[in-house]
Each structure stands twice: as C-alpha cells, then as structure tokens.
Amino acid sequence: MGKPTGFLDYKRQTAEAVTPKERIENFNEFHTPLSQEEQRKQGARCMACGVPFCQSGMDIMGMTSGCPLHNLVPEWNDLVYTGNWEQAYNRLKKTNNFPEFTARVCPALCEAACTCGHYGDPVTVKENEFGIIEYAYEQGFARARPPKVRTGKKVAVIGSGPAGMAAADQLNKRGHQVTVYERDDRAGGLLMYGIPNMKLEKHVIDRKVEIMKEEGVEFITGVNVGKDIKAAKLLKEYDRVILACGAKNPRDIKAPGRDAEGIYFAVDFLAATTKSLLDSDLKDKKYISARGKKVVIIGGGDTGNDCVGTSIRHGAASVTQLEMMPKAPDERAGDNPWPQWPKVCKTDYGQEEAIAMFGHDPRIYQTTVKEFLKDKNGRLCGLVTVKLEGKKDEKTGRMAMTEVPGSESRMDADLVLIAAGFLGTEKYIADAFGVSLNERTNVKTQTDCYETDVKNVFAAGDMHRGQSLVVWAIREGREVAREVDASLMGYTNLRA
C-alpha cells in the first residue's frame with residue numbers, strides 16, 4: 001500500500017487548469033501536470049483497502065462502479081509512492097493498452113469508487129496514471145517491443161478506435177499479423193475525430209500508432225470497408241475479421257423545420273473542426289463555424305459539453321445547451337450511496353468556459369425542441385422549445401419525459417448542434433458482412449461472446465455494446481482479441 005497514514009497526511013491535489021478565459025484562446029490541453037514529488041504524495045494517499053472497489057468494474061444498480069479494465073490501482077499507487085516508476089508502468093500496462101488515452105478522457109470510475117472518497121477526497125488515480133505513462137515515454141519504458149515469434153495467422157480489424165486498436169495491439173503481441181482498416185484519413189477513430197484536442201491532443205494518438213507500427217501492426221487509412229473494398233475479399237485474405245466500427249448512427253430530432261440550413265449533428269461539427277485544425281490550423285475554413293452565431297446544442301452529455309467548448313473557441317455569440325432530463329442534485333442523494341456512481345450535477349470544462357464568457361450556466365433542463373424556425377431563405381433563425389416533466393407510463397410502468405401543455409417558448413438560434421447520442425451500427429457495414437443486429441441495432445452475438453453469426457467474423461466496442469466509454473471499448477478490444485486468439489490457436493494466454 002501507500003504510506004499507512006498518507007490519506008491523513010496529504011490532501012488531494014490535482015493538476016492545475018489554465019483559467020477558462022485563457023484556455024479558450026487555443027485548442028490545446030490545459031492542465032499542468034503535477035511534479036514527481038507531488039505525484040508521490042498522491043500515491044501515498046492510497047489506503048490499499050481490503051476490498052479495492054477502484055478496480056472492481058462491477059455493475060451496481062445499472063451503473064459501473066470501479067474500473068472495467070480491473071486496473072491494479074493499489075499496486076501502482078504504491079509504486080508511485082516509492083518512486084519505482086518503471087515497475088508502476090509494467091503493472092499499469094498489464095491491464096490497460098492505452099493509459100495515455102484513459103488518463104486524459106476517462107471519467108475516472110475508479111476514483112468514484114475509491115474507499116478514500118467515502119468520507120473524504122478520493123485518491124488521484126487518474127493523475128497518477130497520467131504521471132506513470134508520460135514518465136514511461138520520457139524514459140523509454142514505453143518503447144516499441146515487437147513480438148519475437150510470428151504465428152503466420154492474419155487478422156483484419158475494421159475500425160481504429162479504442163476497441164479496434166486494443167484488439168490489434170493484443171493480437172500483434174501474440175504474434176499474429178494484424179492489419180487495421182480505417183475509413184478516415186487518420187487512425188484513432190473516436191479518439192481522433194470524436195474527442196476535441198483540448199481533451200486529447202492528437203500527437204498523443206499518433207505517438208502510440210507509430211509504436212504499434214514499429215511493433216508490426218499495419219494501418220491502412222482512407223479505405224471504407226464495405227464500399228471501397230468488399231467484405232468477401234477480406235474474408236478470403238484473412239483468417240479472422242474483427243468489426244470495431246463504432247456506433248456512429250446519430251439520433252436525430254424529428255421536429256417540423258428539421259430541413260432548415262444550419263442544423264448539424266454534433267459528431268460532424270466536432271470532426272470537421274479537428275480535421276481542419278490538424279490540416280491547416282483552421283485556415284482552410286473547411287469546418288462548420290460557430291463564429292458570431294447564437295448556438296443551441298441539443299443534448300447534455302459529454303459530446304454536448306465538447307460542442308460548448310468548441311463553439312466558444314470558434315467565437316460564438318452565445319451558447320445554450322438543452323437537456324431533456326432534470327438537473328441532478330449537487331450532492332449525493334440518500335438512495336445513491338457509495339460505491340455507486342455518484343449521480344450528481346457535474347459542471348464540465350465547456351460549461352465552466354460558458355459561465356466565464358457569458359456569466360451563466362448554458363444548460364436549460366427539462367426542455368426540448370418542438371419546432372425549428374426558418375427564414376424566407378430556408379435558414380435556421382430560431383426554435384420553439386417546450387418544457388418536459390417526468391410521468392409514469394401506464395403500460396410499461398417506466399418514467400418518461402412528456403411535454404408540459406402551454407409551456408412553449410421561442411428562442412433565437414443561428415446554429416443547432418444535435419448531440420442526442422447514437423442509435424447503433426451503421427447498416428451498410430453490417431450488411432456488407434451479413435451479420436445480424438439485435439433490437440438495439442448493435443451487432444448480435446451470444447452473451448459474453450464476440451463471434452457473430454457469420455463464421456470467422458467478430459465484433460467489439462460500441463458496435464457490439466452500443467455507445468459507451470473509451471475504457472469499455474478497450475476492455476472489449478482485449479476480450480475479443482482473447483476470443484479470436486483462442487479460435488486461431490486452440491488456446492490463449494492473452495489477458496482479458
């Protein structure tokens with residue numbers, strides 16, 4: 001464990017953030033990492049409790065508590081405390097292929113389940129993970145290590161998001177020859193074009209992709225499998241195929257006036273900004289600009305928040321975020337005890353920036369769009385919104401948000417970004433391989449398995465489980481790799 005009295009001796013200390021008004025001047029990551037001395041103190045706070053919920057990754061009341069990767073959190077916290085950074089890296093990599101990603105974008109399920117946080121402040125697990133992996137790169141611990149023996153087996157992975165990359169990384173380490181196909185011009189999938197730079201700078205992805213290439217993984221970008229190349233060709237050339245194409249079928253808002261010019265899906269807005277930023281530092285103007293516009297974002301999740309932060313960096317005149325659900329409590333409710341995920345109101349970086357720029361929280365709760373208003377040229381000029389309230393459905397017994405009669409109001413808007421989540425697999429790729437979909441339009445497999453109903457074709461990540469977290473995608477990538485390896489070799493020594 002860390003220092004026996006560490007959680008009493010040291011206060012929780014996280015990386016300091018650049019102030020909102022300073023950081024919106026660019027798209028860079030905006031936290032200053034802790035010093036090694038301070039990082040060791042944070043490692044010392046770990047209690048090495050008898051039941052480390054931080055690494056449990058179990059389901060409690062429909063929510064995950066602790067890390068789905070079962071990271072060996074108390075072990076590497078102790079190693080950080082004692083200054084044994086290389087061994088800390090080795091223990092971290094046992095369970096997580098990409099700590100450089102999760103240390104930046106994961107909501108830290110581990111910290112929410114930390115015993116230290118039951119009555120006080122949790123251990124800075126995410127900060128410690130960041131410290132370990134960045135020191136590992138600095139010192140060369142994270143260098144390429146190609147496998148010494150090759151099996152002669154070939155695997156194609158379709159999609160280079162966290163699930164596809166994790167599967168490729170694991171299977172390559174086993175000695176199989178892995179080729180990753182990506183339809184975009186850069187590898188990374190959701191990590192590259194779904195998450196803004198200020199949360200994950202893209203050189204971090206490129207750094208890892210280059211190491212994977214050195215280790216023998218082949219990346220083919222700009223190829224849309226199912227359109228540019230036929231599924232039958234891949235099934236003939238490879239021993240196994242893994243579908244890890246994500247759940248990029250966005251949920252739409254079906255309301256009158258939806259055809260107005262100026263309404264976009266959030267994923268298209270974010271992707272266009274990132275691509276233009278990488279290609280030309282936004283000089284090519286090939287993105288959906290929010291400059292000078294009254295922006296309304298429909299959706300209150302992480303993607304909606306990313307749209308808030310991105311719109312502000314563009315120079316939006318105003319930003320409003322509509323959320324269908326009621327505001328969560330500021331503190332845990334009595335029916336939401338530790339170690340459940342805390343269902344409390346979170347003000348994320350984008351909302352912090354909106355408060356700093358416009359003087360108020362951009363979120364309006366229990367509200368949705370009833371109509372999109374157009375001017376005479378067909379351009380969006382406003383919205384009709386309506387208030388919502390929770391009512392129990394008499395047939396199902398479930399609570400549903402319903403319109404409050406007479407609560408309509410008008411709101412000005414020049415740009416609407418729909419961040420209402422995703423519905424599942426894009427149909428063309430499922431049709432190309434002939435795999436069946438379940439009722440949620442995710443690729444259908446047996447429970448706790450990844451093989452589809454098409455021989456030698458497997459599925460993982462959001463395409464398999466639906467829209468979820470990066471950490472879950474990595475876990476699914478590791479698990480599908482294990483299943484594929486066993487099907488190829490008759491056994492597997494890969495760790496899930």
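This report describes backbone geometry and strand pairing in a predicted model.

The model is predicted, with residues numbered from 1 along each chain as its sequence is written; local features need pLDDT of at least 70, side-chain atom pairs count only at pLDDT 80 or more, and totals for chains, interfaces and linings use all residues. Side-chain values use heavy atoms, with hydrogens and water left out.

Helices (H or I, at least four residues) and strands (E, at least two) are DSSP runs, numbered from the N terminus. Strand 5 spans residues 154-158, and four of its five residues are buried (under 20% relative accessible area; exposed is over 50% and partly exposed lies in between, with a 1.4 Å probe and protein chains only). Strands pair if DSSP finds at least two bridges between them.

| Partner | Residues | Bridges to strand 5 |
|---|---|---|
| Strand 6 | 177-182 | five |
| Strand 8 | 240-243 | four |

A156 stands opposite T179 in strand 6, while V157 faces I242 in strand 8. Together with helix 9 (residues 162-174), strands 5 and 6 form a right-handed β-α-β unit: with the strands pointing away from the viewer, the path from the first strand over the helix to the second runs clockwise.

**Backbone features in loops**

W338 and P339 are joined by a cis peptide bond with omega of about 5°; P339 belongs to the loop between strand 11 (318-322) and helix 15 (349-358). H70, a residue other than glycine, has a positive phi near 55°. H70 counts as partly exposed because its relative accessibility is 35%. Q366 is not a glycine either, yet has a positive phi of about 50°, and is located between strand 12 (363-364) and strand 13 (367-374).
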